There are 2 protein chains.
Amino acid sequence: MTEITGTGDPARSLSLLWRLVEPSPRGRGAEAGLSVDRVVDTAIALADAEGLGALSMRRLAADLGVGAMTLYTYVPAKAELLDLMVDSALGEFPSLYSPVADHWRARLEAVARASWSQYERHPWLLHVAASGRPPLGPGVLTKYELGLQAVDGTGLDEVAMDAVFTLIEGFVAGTARGVVDQVAAEEATGITETEWWEATAPILDRVFDPERFPTVTRVGPVAGEAQQAAYDPRKAFEFGLVRLLDGVAVLVDGSP
Amino acid sequence: MTEITGTGDPARSLSLLWRLVEPSPRGRGAEAGLSVDRVVDTAIALADAEGLGALSMRRLAADLGVGAMTLYTYVPAKAELLDLMVDSALGEFPSLYSPVADHWRARLEAVARASWSQYERHPWLLHVAASGRPPLGPGVLTKYELGLQAVDGTGLDEVAMDAVFTLIEGFVAGTARGVVDQVAAEEATGITETEWWEATAPILDRVFDPERFPTVTRVGPVAGEAQQAAYDPRKAFEFGLVRLLDGVAVLVDGSP
DNA sequence: TTCCTTGTCGTACACTGTACGACTAGCCCT
DNA sequence: AGGGCTAGTCGTACAGTGTACGACAAGGAA
C-alpha cells in the first residue's frame, strides 16, 4: 500500500515542514500536551512498530489519547502527516553517516550504506510515494546536502552531481524495497523466503518447458541455489553498488 | 497504494498461473462466458485505464456484468488476481524487444528500454509488490529468459548473469516509478510538475539557510532549472543507464 | 423425476479518511 | 466580575474496501 503525499498547496506544506506556524494549544489540547512534533513522533513510532498499514488516523489518535478528528487541528490531512514523517525520519541521516573518507568513492559508498540503514530503521519510508515531489523540509535537505558533498570536488558539474546522487539513492531505495517486501510477505503468509522457494522450486520444475526457457533452465537453479531464494536483496545491494560506483568512476576519472 | 501478492499456497498459485485447472463453467457462468483469462484481461484493461486504485472487486465484477462474489469462483482472492495480471502483462515483453544486436551492451540496453515501455503501458505494475516472490508464470519467465539471453556469452557465470539482469531491471523499475508517481501527483492535485516547482522554489528560497546547506544552495537551483522540476525521471533514466552499463562493462571486459 | 454438484450472488462485518457541526474551555475586553 | 468570542475537541455520518457465509438455482446423472 503506497500512500500519496503533498495534496494541499506547497506553501502550506512548507510552512508546516519548517514549523513556521505552530498551533499553540490553549483549549483542552494543552492537557494532552499535543503538538505537531508529538503527533509526528508518535506516528513514526507506530509505523516503525507495526507498519504503515497500522497507521490509521483513528489508531494514531488512540495512541495519543485523543479523538480522531483532533489530529486535524495539527495536520491538514494524512498526506501532510506522511510528508512530515518522511522529512523527520530522513533527518536522522547525519547520525548514520560518517564522512571521514577523503576519496569520493568511499564517501559515496558510505552515503549508500547510511541510506540503506535508514530504510532498515524505517521501512515504511519505501511505501510513501515521495519521488516526484519530495517534502522539501530540513530533513530531506540535510540528506541531500550530505549526499551532494560526497560527490563534490570530483570535477563533475552541478547537474551531474545531482544526477549521481539521485542514481545512488534510487538504487538503494530499490534494493531496500526488496528486503521490506520479503519481510512483509513473511509476516503476511507465515512462510519464510527459503520455505517458499523450497515449496515452489520442485513444482516449477515439473510445470515448465526447458526448451522454451533454455537460459533460465541453466541459470535459474544455480542462482536460486546460491541465494536460497528467487531473490536476495542484500546480495543484490552489494553487487549493484560495486557496478554503480564503477560506472560513476568511468564518468569521473575516465576509467574504473 | 502498493498491494501484496501471493497470499495462498504456492502450488495453487502456480497451477493458476500455468492454467493447469480451469473451472469449466456449467451453470449460469456459461451465459456470461466467464473464464480466468477474461477476468484477468478485463482487470488489466481497467487498471490500464483508471489505475490500480479503481480496481476493486465490485467494480471489476460490474465491468464483467456479474456479481462481485462471482469473481471468487475464478480467482481465490485479489492477491492471486494481481499475480495473474502481472504475469500476463510481463508476457508482452517479447513484442517490445528486438534482440537483433550482436553486442551484449546493445542487447542489455534494448532490454532496459523494452522494460521501460512495459511500465509505461502498465503503470500499475509498479504498484504491486512482486519483488521477493514473483509470480513464476509463463510471462515472468519469458521476460527473465530474454533478459538472461542478453547477458549470455559474456563470460559471466550464472550467478553474475542473474545479478546483472536483476540490477538493470531494478533500475528501470525505480526510475519508471518516478514517472508514474509524477503522473499520479498531477492527476491527484491538478498541478503540473513545473507549476509545482515554480510555486515551491521561491518559497523555499526564503525559508532555508544557505549556510546550513551550502552545496544544495549551489547545486539545487542549477539542477532544478535544468529539468524544470525537482526531479526528471526520464533524464535520470538516460543518465543512469549509461553509468550502469559502464559499470557492467568493467565487470565483463575489465574496462569500459 | 429426483438428487447432487457447482456456479452465482445478496447480505453483513470491520475497517478506511475526513466533512460537518455541536460543544466547551480559556482569553480578552469592558 | 461578567459577557462574548475564538479556537481546540470530537461524535456522527458517508461512501468506499475485501471477502466469509449461506441461500439459491441450473445442469448433469441416476
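Student: How does the domain assignment divide chain A?
Tutor: Chain A gets domain 1 (3-90) and domain 2 (103-253), with bounds taken from an automatic or database domain assignment. This is a predicted model, where local features need pLDDT of at least 70, side-chain atom pairs count only at pLDDT 80 or more, and totals for chains, interfaces and linings use all residues. Residues are numbered from 1 along each chain as its sequence is written, chains are lettered from A and ligands numbered from 1 in the order in which they are written, and side-chain values use heavy atoms, with hydrogens and water left out.

Student: What separates the centres of those two domains?
Tutor: 30 Å, taken over C-alpha atoms. The contact (heavy atoms within 4.5 Å) takes 16 residues from domain 1 of chain A and 17 residues from domain 2 of chain A.

Student: And how much area is buried between them?
Tutor: About 1,600 Å², with carbon and sulfur atoms giving 68%. Buried area here is the accessible area (1.4 Å probe) that two parts lose on being put together, summed over both.

Student: How many salt bridges and polar contacts between the domains?
Tutor: For salt bridges (a side-chain nitrogen of Lys or Arg within 4 Å of a carboxyl oxygen of Asp or Glu), the count is 0. There are 8 residue pairs in polar contact, both at pLDDT 80 or more. A polar contact is a pair of N or O atoms within 3.5 Å; within protein, one must be able to donate a hydrogen and the other to accept it, and residues adjacent in sequence count only if both atoms are side-chain atoms.

Student: Which elements make up the domain 1 side?
Tutor: α1, α3 (36-50) and α6 (78-90) of chain A each give two or more residues to the side that touches domain 2. Helices (H or I, at least four residues) and strands (E, at least two) are DSSP runs, numbered from the N terminus. α6(A) gives the most, with 7 residues. By class, that side of domain 1 divides into 11 nonpolar, 1 polar and 4 charged residues. Ala, Val, Leu, Ile, Met, Phe, Trp, Tyr, Cys and Pro count as nonpolar, Asp, Glu, Lys and Arg as charged, and the others, Gly among them, as polar.

Student: How many salt bridges and polar pairs cross it?
Tutor: 6 salt bridges, and 10 residue pairs in polar contact.

Student: Is A:Glu193 buried or exposed?
Tutor: A:Glu193 is buried, at 6% relative accessible area, and B:Arg133 is buried too, at 12%. Buried means under 20% relative accessible area, exposed over 50%, partly exposed in between (1.4 Å probe, protein chains only).

Student: What about B:Asp152 and A:Arg218?
Tutor: Their side chains meet in a salt bridge at 2.6 Å, N to O. B:Asp152 lies in the loop between α9 and α10 of chain B, while A:Arg218 is in helix α12 (residues 214-227) of chain A. B:Asp152 is partly exposed at 27%, as is A:Arg218 at 36%.

Student: Last topic: what does B:Trp18 touch?
Tutor: Leaving aside neighbours within four places in sequence, B:Trp18 contacts residues of both chains, including A:Leu204, A:Phe208, A:Phe213, B:Leu136 and B:Pro138. B:Trp18 sits in the loop between α1 and α2 of chain B and is buried, with a relative accessible area of 14%.
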